[in-house]
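Trainee: I am new to this structure and would like to go through it with you. Could you show it to me first?

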Amino acid sequence: MSATRDRPSPGTAPDHWATIGEAGMSAGLWLLWFVHRTLGRWGFRVLMAPAVVWFVALRPVARHASIEYLTRVGVLSPASGTLARWSAAIRHFQSFAETVLDKALVWGGRLDVRDAPAIVDPRFGADAAAGRGGVMLVAHHGNLEVLRAFGRRLPALRLNVLVHSANSVRFMRVLERLDPKATLDLLQVTQLDAAMASLLADRVARGEWVVIAADRIPVTGGERTVEAPFLGRPAAFPIGPWVLARSVGGPVYWLSCTRHAGTYRFECRRFAERIELPRASRAAAIGGYVARYADLLEAQCRDTPYQWYNFYPFWRASGDHS
C-alpha cells in the first residue's frame, strides 16, 4: 500500500486531509488486485502486513491521527503503551487496505454483495419507486464503493456521488478499467458553488440522488465550518453539504455500508424530510443538523471503530490540540 501526496489547494494547511494521500492508487491498487487473484484473501493479508507496518512507520501524521481517533473512540486507553498504540494503528490501516481491495473487487465483479443484509427505511423505497430524488448523507466510514454497488439493486436509481478530484482521480481511472460504468455517477468537485448546486438541483428534480460525505472540512482554506461534539471533543464539520441539501431539495437519508464477519451490511434511514434553513435561525438550524449527523457517525464509529478512515488530525482542525 503506497501513499500519494496530492498537491493541496492554495492556502490548504499541510496537515489538511487533502494533502495526505490515504490510499495506494494506480499501481498500488493493481498490486492488491493481483495478490488477491493469485493468493486469495488470506494470502493478501499475509503479504500486505509488512507493507502496512512500513506505511504506518513512514507516515507519522496519519499514524498519530489514527491513534488519537482510536483513543477517543475507546479502542485505546490514554495510558496505552507504544506497542498497543502501534498495534491498533496497524490494524486500522489493515482494515483500510481491505476496504481499498474490496472497492476494486466489487466493481471488477469479484465481490458479490447482492445478497448482503440491508436495512432500508420503507420511505426510501417509496421515494425511489415514485421517481423522487433527494440527498444521501454518507461519511468516510465503511466502504462507499460497495455502497454505490448496493444502489444497482434498483436499476432505476441514479446516484450522483460527489468526490474530491485530487484524491480520487487515480482511483477513478482504475475503476474505469475494471468496469467502464463504474464512474458514470461520480462528480469531481473541489467546492460546492452556485453552478454545482444548480446542476444538482436539476438532477434531483429529474428523480436522481446526490450522495455527499459531510465529515470533512472544505478543501479550500477559509470556507465555513461549524463545530459539534464528536467522540468527546468539539470537531469541525463542513457547512457546505447542508447548504447544498437545502438548495437541491428533496428528502435526506443517512446511508452506511460496513463490514461484518466477512460480508457487508447496508443501512438507509430517513434523516429529514428536507433540509430547512430559515433566514432568521440559519446558523442554529445548521448546527442542529450537524449535531445529529455527528451523533449518527459517532454511533457507527463505536460499532465498527476500525472502519472510519480519516487519517488526518480531525479534532485539531477546530483548534483542539489536547
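Predicted model: local features only at pLDDT ≥ 70, side-chain atom pairs only at ≥ 80, totals over all residues.

Trainee: What pLDDT does the chain average?
Mentor: The chain averages a pLDDT of 80, and 76% of the residues score at least 70. Here pLDDT is the predictor's confidence in each residue, from 0 to 100.

Trainee: Where is confidence lowest, and where is it highest?
Mentor: The lowest is in helix H6 (residues 165-178), with a mean of 57, and the highest is in helix H9 (residues 282-303), at 96. Helices (H or I, at least four residues) and strands (E, at least two) are DSSP runs, numbered from the N terminus. Over residues 1-27, pLDDT stays under 50.

Trainee: Which residues touch the most other members of the largest nonpolar core?
Mentor: They are Phe230, Phe237, Trp242, Phe271 and Tyr293, in a core of 76 residues. Helix H3 (residues 82-107) gives the largest share of this core, 11 residues. Apart from it lies another core of 14 residues, including Phe124 and Trp209. A nonpolar core is a set of buried Ala, Val, Leu, Ile, Met, Phe, Trp, Tyr and Cys residues joined through side-chain atoms within 4.5 Å. Buried means under 20% relative accessible area, exposed over 50%, and partly exposed in between (1.4 Å probe, protein chains only).

Trainee: What is Tyr293 in contact with?
Mentor: Leaving aside neighbours within four places in sequence, Tyr293 is in contact with residues including Leu137, Asp215, Phe237, Trp254 and Phe271. Contact means heavy atoms within 4.5 Å.

Trainee: How many aromatic pairs are there?
Mentor: A search of the whole structure finds 24. In one of them, Phe271 and Tyr289 have ring centres 6.3 Å apart and planes at 45 degrees, so the pair is tilted. Rings of Phe, Tyr and Trp (its six-membered ring) pair if their centres lie within 6.5 Å; planes under 30 degrees apart count as stacked, over 60 as edge-to-face and the rest as tilted. Phe271 belongs to strand E9 (residues 263-272) and Tyr289 to helix H9, 18 residues apart.

Trainee: Are those two buried or exposed?
Mentor: Both Phe271 and Tyr289 are buried.

Trainee: Changing topic, why is strand E8 largely enclosed?
Mentor: In strand E8 (residues 252-260), 8 of the 9 residues are buried, so the rest of the structure largely encloses it. E8 and E9 run antiparallel, joined by 9 bridges, and Val252 stands opposite Ala272 in E9. Strand E2 (residues 134-138) pairs with E8 in the parallel sense over 3 bridges. Two strands pair if DSSP finds at least two bridges between them.

Trainee: Finally, where is Val35 found?
Mentor: Val35 is in helix H1 (residues 26-58). Val35 counts as buried because its relative accessibility is 11%.

Note on methods:
Residues numbered from 1 in each chain as written. Heavy atoms only, no water.
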